[in-house]
Amino acid sequence: MAISEAELLAAFRRLQKPLYNVLYRWLWQAQDCEDLMQDAFLKVWDQRQVLQVQNLDALIYASALNLAKNRLRWRALWRFGEISPETPTEEGESPGSQAQRHQREQALKRVLDGFDRDSRNLVLLSECAGLSTDELVAVFDWPAGTVASRKHRVLARLRVELGALGFDESKPIIEAGSHAGERQKGAGA
Amino acid sequence: MSEFESWLPALEPSAASYARLTEALARRNRRRTRMGRGLRLAGLCAGLAFASVISLMLLRQPDPTREQQAAISASLELAFAGPHIDLVVSNGDAIAVPVNAPNVRFYWVAVATGEIANHNSSSPSPSR
């Protein structure tokens, strides 16, 4: 049965936030993520006659992840150097905490870049989008046992690698006035 | 709640995304309607052209000159295809064209008209 416009828009409302969070951890550019979400939904809309409503969410995730893969390939072809996470500014956030957030994102990007594509998708879909094992089975088209074991392994690895980074949540990385203090010390010497 | 929430905090997408998608869908639907209208128009034009060709073929009057030309061509082709005997052309006139080469006779063969008939005093019989 074909997908109606109302069903697609309902899916957009439902998946907008989790999908954005998944895509952001691939592309690290807010505008690219927005564009890609639009492309993914329009791509699904173009194939609405042959799609089933029951598989809609899985199809949208799979389609968006494929588009993200193509976008990254395109970037690799046309840009030189690495993309640095474009940390979105939050209202009322101090420059110090923004810098800390940026640094965390860079560290996270390095860790995630060390994962293969499927493992990274598995981490992002389960942790950012909150997909259950059944939903992950629908996206990856793997047996449930495979999804569960791979998820377990990959999360354990993520835990270890993030733990090794040793970021302390309570302590800001760049403390206000630290540079000024150093400068004063340098002037005194 | 994810154990990695501090590493993967939930980010908020732009509030305008939904409106952007609805607009894109509406634009796509409009384009499809326009395309459907264009296709219908093209189909109508093609149908009209086809009908005109058919009616022209049916309504065309038989042209005696063209028919005679076709008969002459057919006779000539038949004569050249067969063994080398005297050429017989019916339904036409022939004018002897002077040629310098010996043992070569050259005739202008065409549909019988008054003009050719006037020049035809020395030519072989039209039926031969």
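This is a predicted model: local features need pLDDT of at least 70, side-chain atom pairs count only at pLDDT 80 or more; totals for chains, interfaces and linings use all residues.
Residues are numbered from 1 along each chain as its sequence is written, and local features need pLDDT of at least 70, while side-chain atom pairs count only at pLDDT 80 or more. Chains are lettered from A in the order in which they are written, and side-chain values use heavy atoms, with hydrogens and water left out.

**Exercise 1.** Describe the contact between chain B and chain A, and state how many salt bridges there are between them.

Solution. Begin with contact, meaning heavy atoms within 4.5 Å: 22 residues of chain B touch 33 residues of chain A in this sense. One salt bridge joins the side chains of A:D35 and B:R20, at 2.9 Å from N to O.

**Exercise 2.** Classify the ring pair of A:F12 and B:Y18, and decide whether each residue is buried or partly exposed.

Solution. Rings of Phe, Tyr and Trp (its six-membered ring) pair if their centres lie within 6.5 Å, and planes under 30 degrees apart count as stacked, over 60 as edge-to-face and the rest as tilted. The centres of A:F12 and B:Y18 are 6.2 Å apart with planes at 45°, so this pair is tilted. The pair crosses between chains, from helix α1 (residues 5-27) of chain A to helix α1 (residues 17-59) of chain B, where helices are DSSP runs (H or I, at least four residues) numbered from the N terminus. For accessibility, buried means under 20% relative accessible area, exposed over 50% and partly exposed in between (1.4 Å probe, protein chains only). A:F12, at 0%, is therefore buried, whereas B:Y18, at 22%, is partly exposed.

Conventions
A salt bridge is a side-chain nitrogen of Lys or Arg within 4 Å of a carboxyl oxygen of Asp or Glu. Helices (H or I, at least four residues) and strands (E, at least two) are DSSP runs, numbered from the N terminus.
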